[in-house]
Amino acid sequence: TSTRDSIDDMGTLKVKAKHNNANFNMTFREDATMQDLSQKILALTGVSIPGQKLICCGKQLPKDLTVSLKEAGFSSGVGSRIMILGKKFDPENDNDYKRIVEVENKAVIMEKKIDEVS
């Protein structure tokens, strides 16, 4: 059998996700993991993987990215609904990020001064 046939034989997991006012329909292979789901959510919403809190049937899904979607409670054929909680990373409003940029800028200035002296 070809790779395509084996994917078809495995079946798929259908997931409907909601983040703020946006709805997303996703499909995964049965052997997909929480890593696959989290990466897809990052691509769709911009919410970083550590910042994601995923709720399904009133329970938080596992943070362990190696857990399979089946182990997390998803089943093939039946569409599962999840709610995504988390904010998109916004460097303009992140004080720690602003401090890092300030330090980097100071380092560049110091480097130029050292170059002038040597």
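Let's start at a turn. Strand 1 and strand 2 form a hairpin, with two residues between them. Asn20 sits in that turn and has a positive phi of about 55°. Keep in mind that this is a predicted model.

Stay with Asn20 for a moment. The loop that holds Asn20 runs between strand 1, residues 12-19, and strand 2, residues 22-29. Is Asn20 buried or exposed? Its relative accessibility is 61%, so Asn20 counts as exposed. Why mention the phi value at all? Most residues other than glycine have a negative phi. Asn20 is a residue other than glycine with a positive value.

Cys57 is another such case. Phi of Cys57 is near 55°, again positive in a residue other than glycine. Cys57 lies in the loop between strand 3, residues 53-56, and strand 4, residues 59-60. Its relative accessibility is 75%, so Cys57 counts as exposed.

Before going further, a word on confidence. The mean pLDDT of the protein chain is 85. Of its residues, 87% reach 70 or more. Where is confidence lowest, and where is it highest? The lowest mean is 43, in helix 1, residues 3-10. The highest is 95, in helix 2. Over residues 1-9, pLDDT stays under 50. For that stretch the model has one contact beyond four places in sequence. Where pLDDT is low, the predicted coordinates should not be read in detail.

Strand 1 and strand 2 run antiparallel, joined by eight bridges. As an example, Ala17 stands opposite Phe24 in strand 2. Strand 1 also pairs with strand 5, this time in the parallel sense, over four bridges. Which residue in strand 5 is the bridge partner of Lys16? That partner is Arg81.

The covered face has Leu13, Val15, Ala17 and His19. The uncovered face has Thr12, Lys14, Lys16 and Lys18.

His19 is in strand 1, on the covered face. Its relative accessible area is 10%, which is under 20%, so His19 is buried. What does the His19 side chain reach? It reaches the backbone oxygen of Gly86, at 2.9 Å. Leaving out residues up to four places away in sequence, His19 touches Phe24, Thr45, Val47, Ile84 and Gly86.

Next, the core. In soluble globular proteins, nonpolar side chains tend to be buried together. Here, the largest nonpolar core has 19 residues. Which of them touch the most other members? Phe28, Met34, Leu37, Leu61, Leu69, Phe74 and Ile82 do. Several elements contribute. Strand 1, strand 2, helix 2 (residues 34-45), strand 3 and strand 5 (residues 80-85) each supply at least two residues of this core.

Take Leu69 as a way in. Not counting residues up to four places away in sequence, Leu69 touches Leu13, Phe28, Ala32, Thr33, Met34, Leu37 and Phe74. Leu13 in that list comes from the covered face of strand 1.

Last topic: salt bridges. How many does a search of the whole structure find? Three.

Asp31 forms a salt bridge with Arg29, with the closest N and O atoms 2.9 Å apart. Asp31 has a relative accessible area of 41%, so it is partly exposed. Arg29 is partly exposed too, at 35%.

Glu30 forms a salt bridge with Lys70, with the closest N and O atoms 3.7 Å apart. This pair links distant parts of the chain, 40 residues apart. Glu30 is in the loop between strand 2 and helix 2, and Lys70 is in the loop between strand 4 and strand 5. Lys70 is partly exposed, with a relative accessible area of 41%.

Asp96 and Arg99 also meet in a salt bridge, at 3.0 Å from N to O. Both lie in helix 3, residues 95-117. They are three residues apart, about one turn of the helix. Asp96 is partly exposed, with a relative accessible area of 47%.

Strand 1 pairs with strand 2 and with strand 5. His19 on its covered face is buried. Asn20, in the turn, is exposed. Thank you.

Terms used:
Residues are numbered from 1 along each chain as its sequence is written. This is a predicted model: local features need pLDDT of at least 70, side-chain atom pairs count only at pLDDT 80 or more; totals for chains, interfaces and linings use all residues. Side-chain values use heavy atoms; hydrogens and water are left out. Buried means under 20% relative accessible area, exposed over 50%, partly exposed in between (1.4 Å probe, protein chains only). A nonpolar core is a set of buried Ala, Val, Leu, Ile, Met, Phe, Trp, Tyr and Cys residues joined through side-chain atoms within 4.5 Å. Contact means heavy atoms within 4.5 Å. Two strands pair if DSSP finds at least two bridges between them. A salt bridge is a side-chain nitrogen of Lys or Arg within 4 Å of a carboxyl oxygen of Asp or Glu. pLDDT is the predictor's confidence in each residue, from 0 to 100. A polar contact is a pair of N or O atoms within 3.5 Å; within protein, one must be able to donate a hydrogen and the other to accept it, and residues adjacent in sequence count only if both atoms are side-chain atoms.
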